[in-house]
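Reader: I have a protein model open on my screen and I am new to this. Could you walk me through how to read its features, one by one?

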Amino acid sequence: MKEKTLLRDFFQYVTFNICGMLGLSCYILADTFFISKGLGAAGLTALNLAIPIYSFVHGSGLMLGMGGATRYSIYKGQKKYQKADAAFSNTIYLLSAGAVVFMLAGIFFPGNLAVFLGADKAVFDMTKTYLQVILLFAPAFMANDAVICFIRNDGAPKLSMLAMLAGSFSNIILDYIFIFPLHMGIFGAVLATGLAPIISLAVLSKHCLAKQNQFHFLRIPPSLPQAGNILSLGLPSFITEMASGIVIIAFNAIILRLQGNIGVAAYGVIANLSLVVISIYTGIAQGTQPMLSRAYGHGDWESQKRILKYAVITVLAISCIVYAAFLLAANPMVSVFNSEQKIELQQIAVTGLKLYFTAIPFAGFNIILSAYFAAIEKPLPAQLISLSRGFAVILPMAFLMSALLEMTGVWLSFPLTECLVAFAAFALYIATIHTHDSQHT
């Protein structure tokens with residue numbers, strides 16, 4: 001593919017997906033803002049304790065959507081259209097099974113989950129309510145994530161973006177209506193979040209109603225090998241999302257011990273801003289995936305390398321802009337979410353913001369490289385990167401650094417982890433280049 005055409009397609013896909021993912025991340029950011037205004041620090045604490053479960057639900061939908069859509073796009077590039085439809089059908093089977101599991105957890109175990117996540121008497125009821133509604137709406141969240149991925153790979157990135165933005169803006173409007181005029185409290189906040197993917201799916205339905213879709217559901221029995229391949233290719237996306245949840249759970253436990261509920265509320269501000277920043281990098285990764293998978297299906301190695309280069313340059317440029325904004329405007333940013341103007345919360349969050357977000361260029365690089373490997377059917381390095389930043393390095397680093405430097409150590413554990421993983425990820429990429437060159441000489 002010509003470089004000028006490739007660059008134009010890259011910016012089209014990536015811009016649409018960054019806008020869409022920013023909209024999607026505003027689900028939680030809008031909750032953070034309105035809950036802080038309507039319910040204060042206790043509401044912020046409950047939200048931050050419950051957010052990891054949202055990450056698991058959203059991550060599951062992305063895993064199936066990205067894995068299935070990657071397989072679908074590769075088959076389309078190889079002109080194997082029957083197999084492409086089979087990939088879509090098996091994605092639907094997996095999605096249905098996962099949605100049932102989450103719904104059952106929401107019906108029978110929301111209280112147990114709230115206790116497990118660290119909710120005390122002061123915030124138990126709010127945490128339980130948030131968890132229950134999020135889990136009952138899991139089918140809508142997962143279906144929305146998966147359908148967005150398939151429609152994006154079906155050549156309609158603009159519609160995917162519009163659907164995500166429609167869901168996000170409706171969530172913001174409903175948040176305000178439910179929390180303030182209707183006084184529905186935390187239930188209103190989470191209900192607004194749960195209705196958002198339904199509105200997004202209504203927008204996405206245009207693609208199928210207008211018969212523009214090239215993917216179709218086939219009445220075939222589920223295929224275990226196909227399901228395994230979809231899960232394998234989508235696992236890095238799941239781990240990327242789940243890593244946010246795991247990190248929040250671990251950090252909440254550490255911060256509860258060091259600073260109590262006020263510390264968790266302060267971390268809640270940082271964690272939710274982090275979700276927004278990570279969503280930008282996820283948008284870049286998801287925008288490049290259809291192009292990479294298509295180039296891989298055609299055997300176009302040069303285009304793959306150029307797409308990756310564009311993605312890394314974009315990540316670095318955005319990281320510089322975002323960190324400069326956090327550095328210069330940390331105080332007013334935190335004040336937006338500190339409705340009770342608690343001095344301790346303000347001090348903890350401002351300090352944390354400046355230290356924690358030194359990680360973002362490394363985090364962006366890791367997300368891009370993990371998605372790159374998954375898109376070209378190399379799940380093992382993709383999973384190694386995701387597992388390292390999600391579990392293997394971040395958890396021991398958080399406990400070690402907090403023991404050495406208390407709250408400063410908590411904030412620094414994230415950038416140290418992402419930096420170490422970035423060096424390892426780059427080594428994996430160099431090894432892949434050497435392997436490719438040796439096979440083609």
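Author: Gladly! Let us begin with surface patches: a nonpolar patch is made of nonpolar side chains joined within 5 Å, from residues with over 30% relative accessible area and no salt bridge. Keep in mind that this is a predicted model.

Reader: Which residues form a nonpolar patch on the surface here?

Author: The patch consists of Val 100, Met 103, Leu 104, Ile 107, Phe 108, Phe 109 and Leu 136, and together they have about 640 Å² of accessible area.

Reader: Which helix gives the most to the nonpolar patch?

Author: That is helix α2, residues 81-108, with five residues. Take Met 103, which is found in this helix. Its relative accessibility is 30%, so Met 103 counts as partly exposed.

Reader: And what about nonpolar side chains on the inside?

Author: Here is the general idea: in soluble globular proteins, nonpolar side chains tend to be buried together. In this model, the largest nonpolar core has 124 residues, and Phe 251 and Tyr 267 are those with the most contacts inside it. Helix α8, residues 224-298, gives the most to this core, with 29 residues. There is also a second, separate core of 19 residues, with Met 66, Ala 84, Ala 87 and Ala 163 among them.

Reader: Which residues does Tyr 267 touch, leaving out those up to four places away in sequence?

Author: Tyr 267 touches Asn 48, Val 247, Ile 248, Phe 251, Asn 252, Ile 255, Tyr 356 and Trp 411. Some of these names return when we look at rings: Phe 251, Tyr 267, Phe 326, Tyr 356, Phe 357, Trp 411 and Phe 414 form one aromatic cluster.

Reader: How many aromatic pairs does the structure hold?

Author: It holds 20 aromatic pairs. One of them joins Tyr 356 and Phe 414, whose ring centres are 4.5 Å apart with 25° between the planes. Planes under 30 degrees apart count as stacked, and this pair is stacked. The pair links distant parts of the chain, 58 residues apart: Tyr 356 belongs to helix α11 (residues 343-356) and Phe 414 to helix α14.

Reader: Now for charges. How should I read a salt bridge?

Author: Side chains of opposite charge can pair when their charged atoms come close. A search of the whole structure finds three salt bridges. In one, the side chains of Arg 389 and Glu 418 meet at 2.9 Å, N to O. Arg 389 sits in helix α13 (residues 379-392) and Glu 418 in helix α14 (residues 394-439), so this pair links distant parts of the chain, 29 residues apart. Arg 389 is buried, with a relative accessible area of 7%, and Glu 418 is buried as well, at 1%.

Reader: Where do the other bridges lie?

Author: Lys 305 and Glu 302 meet in a salt bridge of 3.6 Å, N to O. They are three residues apart in helix α9 (residues 301-328), so about one helical turn separates them. Lys 305 is partly exposed at 31%, and Glu 302 is partly exposed at 42%. There is also a bridge between Asp 9 and Arg 8, at 3.3 Å, N to O. Here Asp 9 counts as buried, at 13% relative accessibility, whereas Arg 8 counts as exposed, at 54%.

Reader: One last topic: what should I look for in the backbone angle phi?

Author: Most residues other than glycine have a negative phi. His 183 has a positive phi of about 55° although it is not a glycine. His 183 lies in the loop between α6 (157-179) and α7, and it is exposed, with a relative accessible area of 67%. Glu 406 also has a positive phi, near 55°. Glu 406 is found in helix α14 and counts as exposed, at 52% relative accessibility.

Technical notes:
Residues are numbered from 1 along each chain as its sequence is written. This is a predicted model: local features need pLDDT of at least 70, side-chain atom pairs count only at pLDDT 80 or more; totals for chains, interfaces and linings use all residues. Side-chain values use heavy atoms; hydrogens and water are left out. Patches are made of residues with over 30% relative accessible area and no salt bridge: like charges are joined within 9 Å, nonpolar side chains (Val, Leu, Ile, Met, Phe, Trp, Tyr) within 5 Å. Accessible areas come from the Shrake-Rupley method with a 1.4 Å probe; for residues, only the protein chains shown count as cover. A salt bridge is a side-chain nitrogen of Lys or Arg within 4 Å of a carboxyl oxygen of Asp or Glu. Helices (H or I, at least four residues) and strands (E, at least two) are DSSP runs, numbered from the N terminus. Buried means under 20% relative accessible area, exposed over 50%, partly exposed in between (1.4 Å probe, protein chains only). A nonpolar core is a set of buried Ala, Val, Leu, Ile, Met, Phe, Trp, Tyr and Cys residues joined through side-chain atoms within 4.5 Å. Contact means heavy atoms within 4.5 Å. Rings of Phe, Tyr and Trp (its six-membered ring) pair if their centres lie within 6.5 Å; planes under 30 degrees apart count as stacked, over 60 as edge-to-face and the rest as tilted.
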